[in-house]
Amino acid sequence: MPLAQPAAATRLRFSVLGPLTGEAGARPLPLGPLKQRLVLAVLLSRANTAVPVDLLTDAVWPEEPPRTARKNLQVYVCTLRTLLGREDGPDRLVHSAGGYLLRVAEPELDLLQFRALARAGRAAADSGALAPAARLLRQALDLWQGPPLADLRSSPAVDAEAQRLEARCLGVHEHWAETELELGNAVAVAEELAELAERHPLRERLQAARMNALHLCGRQAEALAVYDTHRQLLARELGLEPSAALTARYRELLARGRTGPAAGRPERSAAPDGVLLPADTADFTGRTAELRELVDQLGDGSGRVAVLSGPAGSGKTALAVHAGHLLADRFPDGRLLVRLRTEGGVPRPLPEVLAELASLTGRSGTDPAGPAPADPGRAAALWRASLAGRRMLLVLDDAPGEAVVRELLPGHGPSAVLVTSRSQLAGLASVHRITVPPLAPTEAVELLGRIVGTGRIGTDRAAAARIVDACGLLPLAVRVAGTRLAVLRHLPPAEFAARLEDPAGTLDELVAGDVAVRARLDSGWRDLTDQGRLALARLAALPLSLLFTLPEAAAALGRPERLALRTLESLTDTGAVTSPAGEVTAHAALYALPRLTHLHARECAATTSPGPAGLGAAVLNTGSLGPGSLRTAP
C-alpha cells in the first residue's frame with residue numbers, strides 16, 4: 001500500500017498506551033507492515049532518545065537476524081521518514097552515533113503527555129496541593145487505552161518496553177490512590193484498585209493502598225484479608241515476609257477496628273519503608289545502557305552491590321537517583337540515599353554516617369534493647385543485621401574509599417547497595433562496576449536543549465555542539481552552562497560558546513548560583529596525595545583535549561615508562577585520567593585528561609607555590625608509586 005504523506009502543517013499524533021496508532025490531522029496513518037511497526041514502536045517508546053541499532057534489530061528479529069538485517073532496517077527507517085514528513089525543520093528521524101532518534105513533541109505522543117502529567121501530579125502532591133495532584137494523576141491515567149503496544153508484544157524487545165511502561169503506570173496508580181485517600185475519597189480508591197491489586201498481587205504499595213481504602217470504607221474484614229492473602233503469597237512464592245511498615249499497618253487496623261486517622265487520611269509510613277531519595281531529575285537524559293545494566297543487576301532481589309565510578313561531574317549521583325526511582329517496585333522496604341562526604345567534600349567518619357542511618361530509619365544501627373552502641377564496629381554490625389530479610393535499596397553517594405562502604409554493606413539478604421565514587425573502589429570484592437562516561441554529543445545537546453529550550457538551541461545547533469564540547473560532555477557542566485544561558489536570555493549561544501572555548505575562562509563561566517564546577521574539581525584535587533597532584537600537574541602540560549600515549553606521558557612525568565604506567569593506572573583509578581580506547585596492551589593504549597580536569601590541573605599547578613611546602617617540592621622521587629598510591633586515605 002502506498003504511504004500517505006502528511007502535509008507539513010498537519011499535526012501528527014501517536015499512541016503507544018494501548019495499540020500502536022498514528023494520525024495526521026483526523027486521518028489514520030498507515031503504519032506499514034509488522035516489522036516497520038515494531039521499529040516505530042521502539043522509537044516512540046524511547047522518543048527523543050537515541051535508540052541503539054542493536055535494540056531495533058532485536059525487536060524486529062528476536063531470534064536470528066538475517067544477513068541483510070541492517071539494510072532492511074535502513075529501509076524501514078527511510079519509509080518512516082517519508083511517512084513522518086518534515087515541518088519546515090530538521091528531519092524527525094535522524095541517525096547519530098548512539099543509534100536512531102525520533103523527535104516528537106509532547107502533544108504528539110500520549111506517552112510524553114502521560115509523563116508530563118505524572119511529574120506535575122507528583123510535584124503538586126509534594127507541595128501539599130492534593131486536589132490538583134489527584135486531578136493531574138487522574139488525567140495521566142485516563143490516557144491509557146489498554147495494555148501498551150498490545151498488538152506487537154510477540155517481540156520480546158517490544159514486550160520489555162511495554163512492561164516498563166506498565167510498571168510506570170502502576171506507580172502513578174499507586175500515587176493517585178494515596179493522594180485520593182488523603183483527600184478522603186476511599187470509596188473511589190477501593191473500587192478502582194480491586195481488579196488492579198488482584199492482577200499485581202506482589203506490589204506491596206498497591207496492596208497497602210487497597211487495605212487503607214477498604215478500612216476507611218468500613219470493610220474491616222476485607223482489609224485484613226488483603227494483608228493475609230499477600231503474606232501467604234509472599235511466603236509461598238518468594239519465601240519472604242511483608243515489610244515492617246505493612247505489618248505495622250495490619251496490626252494497627254487489627255487493634256483499632258474501624259476507627260481511622262482524622263479526616264479519613266491514612267498515616268504516611270516513616271522511613272525506611274518510604275522514599276528517602278532526592279527528587280528525580282526532570283530532564284534526565286541518556287544513560288540507557290547504564291540504566292538497563294543497573295536494573296538488571298540490582299532489581300533481581302539477590303542483594304547485589306554496584307559501583308558507579310567516573311570523574312567529578314559525570315552524573316553518577318543523578319544516574320543513581322534515577323535508577324533508584326525506576327526500581328521503586330523492587331524495594332518495598334524503602335530506598336534511601338546517604339552522602340559519604342560533607343558539602344565541602346570532606347569524608348564523613350563512620351560513626352556519623354551510622355548515626356544518620358539510625359535517624360533516618362528509626363532503628364538501623366541500634367540495638368532494640370538499648371541505646372546506640374558507642375563502638376562503631378558493633379553499630380555497623382547491628383546496621384547490617386537490620387537489613388537481613390528486608391528488600392531495601394541503599395545509595396551510598398560520593399564514597400571517598402572502601403573502608404566506610406565495606407562496613408555498611410549487608411552480608412546477606414535481598415537488600416541492594418548502589419555506590420557512587422570517583423574511584424573504582426578496587427578494594428571491594430564481589431561488586432559489579434559500571435564506569436560512567438561523558439554523554440554522547442547528541443545526548444549532551446539534548447540535555448542542553450531541555451534546560452535552555454529546544455527552540456533557542458535549534459536555531460544554532462552548531463553553537464550548542466560547541467558549548468557541550470567545551471563542557472567536556474559532562475552532565476554537571478552542561479547543566480550549569482544551560483542554566484547560565486537560560487538566565488542570560490540576551491546572550492547568543494555562539495558568543496557563550498566562544499567564552500567557554502577560551503581555556504583561561506572556561507571554569508569561570510561554569511557557575512550558576514551556588515553551583516560551581518570548579519568546587520567539584522577542587523574536591524577531586526584534594527583527594528589526591530602530593531605525588532598524585534604533582535603527577536597530574538605534569539600531565540596537564542600536555543596539549544589540551546588531545547589523546548596521549550605512554551611514551552608521551554613518561555616524558556611529561558620525567559619517569560621511565562614502567563613507572564609512568566603505574567602512575568597512569570593510579571590516576572585512572574581516581575578518575576583523573578581516562579583511557580577511551582578498548583582493551584589493548586599498555587604501550588598501545590591511548591590516554592586522556594578530561595577537558596575540565598585538564599584545565600583545573602593547569603590552574604592548580606600555576607597557583608601553587610613552588611617552595612618547600614608547595615606542589616613543586618612534593619615528593620619527586622615517586623618510584624614507589626603504585627595502584628592506589630595517588631589517592632589519599634579516607
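1. Tyr76 has a relative accessibility of 15%, and therefore counts as buried, since the cut-off for that class is under 20%. The value, like every other in this note, is computed from a predicted model. Tyr76 belongs to helix H3, which spans residues 69-84.

2. Which residues does Tyr76 touch, leaving aside those up to four places away in sequence? The contacts are Lys35, Gln36, Val39, Val60 and Trp61. A further spatial relation concerns Arg37: the C-alpha atoms of Tyr76 and Arg37 are separated by 8.8 Å, although the two residues are 39 residues apart along the chain.

3. The chain has 634 residues, of which buried residues make up 50%. Its secondary structure consists of 26 helices and 15 strands.

4. The largest nonpolar core contains 74 residues. Within this core, the members that touch the most others are Phe14, Val16, Leu20, Leu43, Leu44, Leu109 and Phe114. Helix H6, residues 156-182, gives the most to this core, contributing nine residues. There is also a second, separate core of 32 residues, with Leu439, Val480, Ala497 and Leu500 among them.

5. When residues up to four places away in sequence are not counted, Leu43 touches Val51, Leu56, Leu80, Leu93, Tyr100 and Leu102.

6. Three aromatic pairs are present in the structure. One of them joins Phe114 and Trp144 in an edge-to-face arrangement, with 5.6 Å from centre to centre and 80° between the planes. Why does this pair tie together parts that are 30 residues apart in sequence? The reason is location: Phe114 lies in helix H4 (residues 110-126), whereas Trp144 lies in the loop between helix H5 (130-142) and H6.

7. Are the two partners of this pair buried or exposed? Phe114 counts as buried because its relative accessibility is 1%. Trp144, at 16% relative accessibility, also counts as buried.

8. The charged end of Arg138 sits over the ring of Trp176, at 5.0 Å from the ring centre.

Note on methods: Residues are numbered from 1 along each chain as its sequence is written. This is a predicted model: local features need pLDDT of at least 70, side-chain atom pairs count only at pLDDT 80 or more; totals for chains, interfaces and linings use all residues. Side-chain values use heavy atoms; hydrogens and water are left out. A nonpolar core is a set of buried Ala, Val, Leu, Ile, Met, Phe, Trp, Tyr and Cys residues joined through side-chain atoms within 4.5 Å. Buried means under 20% relative accessible area, exposed over 50%, partly exposed in between (1.4 Å probe, protein chains only). Helices (H or I, at least four residues) and strands (E, at least two) are DSSP runs, numbered from the N terminus. Contact means heavy atoms within 4.5 Å. Rings of Phe, Tyr and Trp (its six-membered ring) pair if their centres lie within 6.5 Å; planes under 30 degrees apart count as stacked, over 60 as edge-to-face and the rest as tilted. A charge sits over a ring if NZ of Lys or CZ of Arg is within 6 Å of the ring centre and within 35 degrees of the ring normal.
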